[in-house]
Amino acid sequence: MKNILIINLRRYGDILSTGHLINSILTKEKDASISLLIYEEFQGITKLLKNISQVFTIKRNDILTLKKNALFNDGLAIDQFAHDINNLKKINWSKIINYSNDPISSYLTSYINNLNQSSFYGVSYNHHNLLSYSNGWATVFNDILPTFRFTPFNFVDVYHRLSETIFISEGEKILTRPAHNKMAFDNISKIRKSAGNGTELKIIGIQLKTSDVSKDIPFGEIVKLVDLLLNNPEYYPILLVAPTEEEKSYANRINKYFNNTLVSVEADFLALSSVLLNLDLLVTPDTVIKHLADLLETPLVEVSLGQSPFFKQGTINPHSIILTDLVSSRNFRIEKNKEPETNITGHDIYNAVKCFFDPRLDNTLTFTSKVSLYRPIKDDVGINYTCTSGTKDHLFDLSRSMSRVALLKILKVNINTKIHYQNIILEHRHKLKEWMETQKIEISEASKCLLSALRNLLSIKEKKAGGKDFAHSLEILLDICNTNSLASLATLIFRSKIDNLSSSTMEQNIKDVELLLFELKSNLQIIMESTRELESLFYEDKKLETQRTKSIEVTGI
Amino acid sequence: MTPVIHSYEIKTSKQGEKTPVINGVHLHSAYDPMKEAANFVEKNIHLLSGRNSIIILGLGFGYHIKALINQMKISGEKKEIFVIEPNRTVWEDAKELGLLDLENVTIYADITVDELYKDPKIIKCLLNKPTILAHPASFNFYQDYFSNFLGFKASQKIHDTLPFITDTELSEYLSKFDSNITLEEVLYDDISKKKVLNNNVDFLMLAYRHLSSQSSTEKSEEIL
């Protein structure tokens, strides 16, 4: 039996979304036994996940109390930590997946890996205290996604790629209780049939609150949404309430606007899964509930507000919808618990609901200015997001789509680039020229910086100059990392590698840097090549378009 | 730390209960210790909700503790009680007088503050954020001792740290460092500056270093 350890030192939503990877691994490796290492305070959520063999925990709160309080000797804290990790040493791990890729999980990956000589996926530290990447996808996850503005891949896809696992959507990932399922089915079926004219109502669950006010749908907009849904004879809204006093009183406030006639369902996580299974659609601003709905394959309208980075962690259900403020104007690092500043109205959410039940409405319904509707689509790499209605953010989406293609080419993933380019041309035709010109300038600037760095390195090699000029040219080159241009993808990869060079001699160091500069050159060429391929297809397409127009003129049609 | 005892006697209150009197100070009411104990509970009852354990500073002859237990019986609550009493004689006399037949109560008598912070039960209790109640007469009498308990600062030198390490691998690892430096110095000066991590425990220590510098609400950061 293969023992696989997934280290996930993140929070509820991220732990829950591990369910996709667990399901994919077990579909392929049926005899595998998968365990999790998490912080103790998030242990409750693991009760929802199917097929976990063991959950190991780090008592973070105890360790921090013991460490931060002068009453206690630090030995108590470190001993607790060692004791928590000791439990992992009793098992011979054949695979360790560093899911969270933070410094703690990375050092722990090294520690456990050195004991087992297992294979690790993600990031760990080597004996020189430098980062070691299991593959290119670990670099994408660790060095590109946190920095690059135009997120090219969803986390779920990256986790699968970095652990060399094929994504499998089929399979039960969440545990539910039969008694809860029956109760939810019976009660919701009654509501569904209450229209009385033989037709069945569409049941739409509205999840009210998140753990962060900046992500909440404003109160007035929820009231408006409920009102619109109630006025449509095909829909029936129900309020989903967590069993806390705060949420109950929030739901009561909403219910007062409707003379206390609304149905609200109070459920903890375990019971909520059964409720979600019986809904036609869920409307939610919450990341944890969104991940849960995705694992249950319940479609949803994700109202993405505040810090929720939907390109990274948005719904991956191709039937779902994401409603967002214009992405280029969004501040994903907004202060927590600040009232949301959003253009999204209750009417927009209502329209998104209508689009869900009839996708043709994407082309006819209107949304508030600077509100966009995205749909997750599956392509040959994984989940991608396409704006199908509302205000389109062409330049943003163009950079996102092209960075996806360029990175896949750099990572040598076999894809049909032509289809990707054609989709890009189809969606962003009128902005392409402007975008391509900017990118070409950026790539050419990056190439100049690279050549200057190479020249200066050569001077050091030939002992014609000291390191000052090279250091300066390297600094300029690394500044490109912050430009968010396509060229910056190559420099971000270069930076991750140069930061982790461990050569012991000057000569070796120069050799290693030179190799990295040549790799950067080759990656910049790949990026330039992608831009040119797109450009040539664009002009080919334009030519065909002109010919078509001419022939229409000639034939007089 | 504890005051010099010039005189110690056991007197009987007007209501007939035994009371220790030290250096002329009555540790319970000379008139009605039971009523005084009931008042003590009434005054502090609001501090008890939502906590699983209570630390009481001062045992005396335990009337206030008995009253507290009775109150918890009425309200159906179960809490673990820890009592800290600096005076061994008081504790022994209370025991001999049959006043300490108390359920769920652990008494620490005549134990130095330093030793108290080595006791796993007390540490576990403190981690669970207990209610701390001071028995007024005892607290005033042993003010220095209890202030030291409340404001204790543990020595962080390696030689004081090693007795807390139960993990053999970690204990062996830490014993190789200068016993006069602190664990912080080991983490931030020694291990972090190592060019080669040649001991596997180095990785564990570095993981701990990052963990212990977090705040509990902080989300783990991504490596940049």
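Okay, so let's start with the holes: there are three cavities of 30 Å³ or more in this structure. A cavity here, on a 1 Å grid over the protein atoms alone, is a set of points where a 1.4 Å probe fits but cannot get out, and its volume is the space filled by probe spheres set on the points, which are joined across faces, edges and corners. Quick caveat: this is a predicted model, where local features need pLDDT of at least 70 and side-chain atom pairs count only at pLDDT 80 or more, while totals for chains, interfaces and linings use all residues. Residues are numbered from 1 along each chain as its sequence is written, chains are lettered from A and ligands numbered from 1 in the order in which they are written, and side-chain values use heavy atoms, with hydrogens and water left out.

So, the largest cavity holds about 70 Å³ of space. It has 13 lining residues (those with an atom within 4 Å of a point), and the closest to its centre are S17(A), N154(A), V156(A), H291(A) and Q313(A). Helices 1 (12–28), 6 (155–162), 11 (287–296) and 12 (310–313) of chain A each give two or more residues to that lining; helices are DSSP runs of H or I, at least four residues, and strands are runs of E, at least two, numbered from the N terminus. By class, this lining has four nonpolar, six polar and three charged residues. Nonpolar covers Ala, Val, Leu, Ile, Met, Phe, Trp, Tyr, Cys and Pro, charged is Asp, Glu, Lys and Arg, and the others, Gly among them, are polar.

Now the pockets, meaning open sets with protein on both sides within 12 Å along at least five of seven lines. Of its 17 lining residues, L76(A), D79(A), Q80(A), P120(B) and I123(B) are the closest to the centre. Helix 2 (60–68) and helix 3 (74–89) of chain A, plus helix 5 (120–127) of chain B, each supply at least two lining residues.

Over in chain B, four strands make an open, parallel sheet in the order 6-5-4-7. Strands 6 (105–109) and 7 (131–134) are at the edges with a single partner strand each, so one side of each has no neighbour in the sheet. Two strands pair if DSSP finds at least two bridges between them; strand 4 (residues 53–57) and strand 5 (residues 80–85) of chain B have five. There, S53(B) sits opposite E80(B).
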